[in-house]
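This briefing is written for a reader who is meeting the structure for the first time.

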Amino acid sequence: MIAGPLVLLILPLVMAGVVYVLRRWATLSALLAVGTALVLGIAVITLSLDQPVQPLLFLGQERQIAMGEAVTLLGRELVLEQADRMAMTYLFFTAAGLFFLAWRAAPHSLLFPMGLGLLSLLSGALLIRPLIYAALLIEIAAALSVFALQAEGKTPTRGGMRYLTFTTMALPGLLVTHWLMDRYTLTPDDTGLLSATAALLAVSFALLLGVVPFHTWVPAVAGDAVPLAGAFVLTVGNGAVWFLLLDFLETYPWLNTHPLFGSLFSTAGLVMVVVGGLLAPAQRRLGPVMGYGALVDSGSALIALGMHSKLGLTLALLSLLVRPFGLALVAAGLSGLRARNGDDDSFDALRGLGWRAMWSTATLILGGLAVAGLPVSAGFVGRWALCRALMPSSPGVALFLLLAGLGVMVGVWKGLSALLERPRSPEENETQEITSEGWLMAAVLAVAILACLWVGFFPQAIAPLAARLAETYTFFVP
Amino acid sequence: MPTLLDLLARVSFLAAMPAVAGVLITAGILVVSRDWRLNVIAFTAQYFFVVLLLTRLIQLEVATVKGLIGWLICLVFYLTERRVSMLEQPLAAQDTTPPQRWQRWALSARASFCLLAAIAAAVTAYMVAMRFPLPEIPTDITLACYLLVGLGLLLVGLSEAPMQVGLGLLTFLSGFDLFYVALEPSLAVAGLLGAVSFLIALATAHLRVAQVASGDERKTL
């Protein structure tokens, strides 16, 4: 019998090696990466946790997989629980979607092997107990993601370096927390230990989630890195951090009864929303606009969690579930545009490019709508539900959320107006190189656009998943 | 022939304030200097002093392994910079313009500012160590921890060049490791922290080579 957690750790790691070796054959390596992530996602969500299932042919012998079986690795326990199961499904399916887009948008990047390696590490972070090992695995994943973020000899190195810096600075707080909680178990009268733990956790997660003033890595990753690798970090990597935060809240229930819990989350989220909404329209490049859009989105999820209720948790998770649709579309569009423009995404350099890269431009527009949380896009589902929930109690916060969305859209609009600028003269038009995006690229982007519109028009497809995921956490009473 | 453990045992008399002074000097050099040769030597020496201090908290063998990881990291940095020097040689040959007088002053001003900032950080670390002693470790090691963390953060904050930031992050992690080994002596944690340090070094080397290949170096110094 094979324990499920081991499969989730080892298979992506093995496939990462295979995909790295086959990197020269871009289509094969991309499809292997997509297939691996999809198979693991389907396995996690469909296989029963309670009993061994599905005989598996392994080294010529029939083996069974027991997904729910705990396994001990180097003296640490790895166990797949119900909450982790949903979280890992999210990670695997999001990664599959990003790999699918990268197949045409960034076929020669290191995203495929590194992404699979990251999936293994992030799965380990969600499965392992105690949680200090999760912090270490997330730090290792951050260091590994630098290789995917940095294009070879092309862009500035700021994005990867800043991401690594902030993640490293978050590590000590998370590690010391474990020791403080052990001491509290021995001396329960010393409540100062609880305060120190709460403070360390707050600072560490602020660094990991890019809360203002520790947000500078978010626009740097979005602006300087390979766009789809940046989207991977902001969805899969950031998603793992969110689920780790929820695991901490579940493991230490006294955290959510802390008197400052609600106000801390709401204030941090509101500041992120305001800063993102103000700085997005001031950008002169599309990459950082995507970063500030992600900042607003993270801020809205923190505001939802600050509502201190099951509804708030559901809305935070809904925001997390729909985020990949917007960021992946913007990143794919950006990749297409950068590929035709010498890796430059400044508004001045993009002038008139929209007429030569129609599919990338359309993808960028719809992704921009989703990141801004505006109607007909997937992002609207989470943002509008949160605004409606906030309206009776905090109308000001809801107004700020809507305005921040408009701010992000202004940034996207400025890029769009540059992209759709008509060539000044027929001569200039003739000298411009006509580059076709190819039918395969168009088909891939069309599938992504349709998926985003489908979630926007039929939110009932994804909202119940957020509710079910919220049910697996018990730290908020209904 | 004496083993590495024997050699470390022989110099164990340095594993108190002399090692703390060594940590201060080497981390200070990292903050002030932009000469990669000097930086690699200072970083190698810094790991030596950290290992000496670690021998007072954990088994000599474990401390030695941590030291070996550190010296491997130094080797990675050395090889990276050698490679970068080879990549930069054609560019340097083209750029034959002698430095202007004001440029020499600008460099000097930067080094002076870094030196002042390093002194301020060291004084702050001393004050904090006196006021907030860390649990489970002696006072001199507390001071070394605060010095490494403070000067590491300063190094990260003063530059966006990958090598400087990488050295800063590893200095910061060394300071934390010195404290954390006393709290969590688990070998699994020690191994994972070693892996973290090594991967940070590899990521830094990757970014450093990418920086030179993209010709972006001057912007980030």
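**Where chain A meets chain B**

In this predicted model, the contact draws on 26 residues from chain A and 25 residues from chain B. The points below look at the chain A side of that contact and then move on to other parts of the model.

*The chain A side of the contact*

- Two helices of chain A, helix H5 (131-149) and helix H6 (158-186), each supply at least two residues of the side that touches chain B.
- The largest share of that side, nine residues, comes from H6(A).
- Sorted by class, the residues of chain A on the side that touches chain B comprise 13 nonpolar, eight polar and five charged.

*The nonpolar core*

- The largest nonpolar core holds 252 residues, and the members that touch the most other members are Phe99(A), Leu101(A), Ala102(A), Leu111(A), Leu228(A) and Leu147(B).
- Once its neighbours within four places in sequence are left aside, Ala102(A) is in contact with Ala30(A), Ser109(A), Leu111(A), Phe112(A) and Leu228(A).

*Helix H2 of chain A and its packing partners*

- Helix H2 (residues 26-46) of chain A packs with helix H4 (residues 111-127) of chain A at an angle of about 15 degrees, and their axes are 10 Å apart.
- Because angles under 35 degrees count as roughly parallel, H2(A) and H4(A) are described as roughly parallel to each other, and the crossing in which H2(A) passes H4(A) is left-handed.
- In this contact, H2(A) contributes Ser29(A), Ala30(A), Ala33(A), Thr36(A) and Ala37(A), while H4(A) contributes Phe112(A), Gly115(A), Leu116(A) and Leu119(A); by class, the contact has six nonpolar, three polar and no charged residues.
- Helix H1 (residues 4-21) of chain A also packs with H2(A), here at an angle of about 175 degrees and with the axes 10 Å apart, so H1(A) and H2(A) are roughly antiparallel to each other.
- The contact of H1(A) with H2(A) is made by Leu8(A), Leu11(A), Pro12(A), Met15(A), Val18(A) and Val19(A) on H1(A), and by Ser29(A), Leu32(A), Ala33(A), Thr36(A) and Leu40(A) on H2(A); it has nine nonpolar, two polar and no charged residues.

*Chain B as a whole*

- Chain B has nine helices and zero strands, and its pattern along the sequence reads α-α-α-α-α-α-α-α-α.
- Of the 221 residues in chain B, 43% are buried.
- Among the contacts in chain B with a separation of 6 or more, 72% are between residues 24 or more positions apart.

Note on methods: Residues numbered from 1 in each chain as written. Chains lettered and ligands numbered in written order. Predicted model: local features only at pLDDT ≥ 70, side-chain atom pairs only at ≥ 80, totals over all residues. Contact = placed C-beta atoms within 7 Å. Helix = DSSP H or I, 4+ residues; strand = E, 2+ residues; numbered from the N terminus. Nonpolar A, V, L, I, M, F, W, Y, C, P; charged D, E, K, R; others polar. Core = buried A, V, L, I, M, F, W, Y, C linked by C-beta atoms within 7 Å. Buried ≥ 20, exposed ≤ 12 C-beta atoms within 10 Å, placed from the backbone. Axes fitted to C-alpha atoms, helices over the stretch in contact; angles between N-to-C directions. Parallel < 35°, antiparallel > 145°, perpendicular 65-115°, else oblique. Left-handed = near helix turned anticlockwise from the far one by under 90°.
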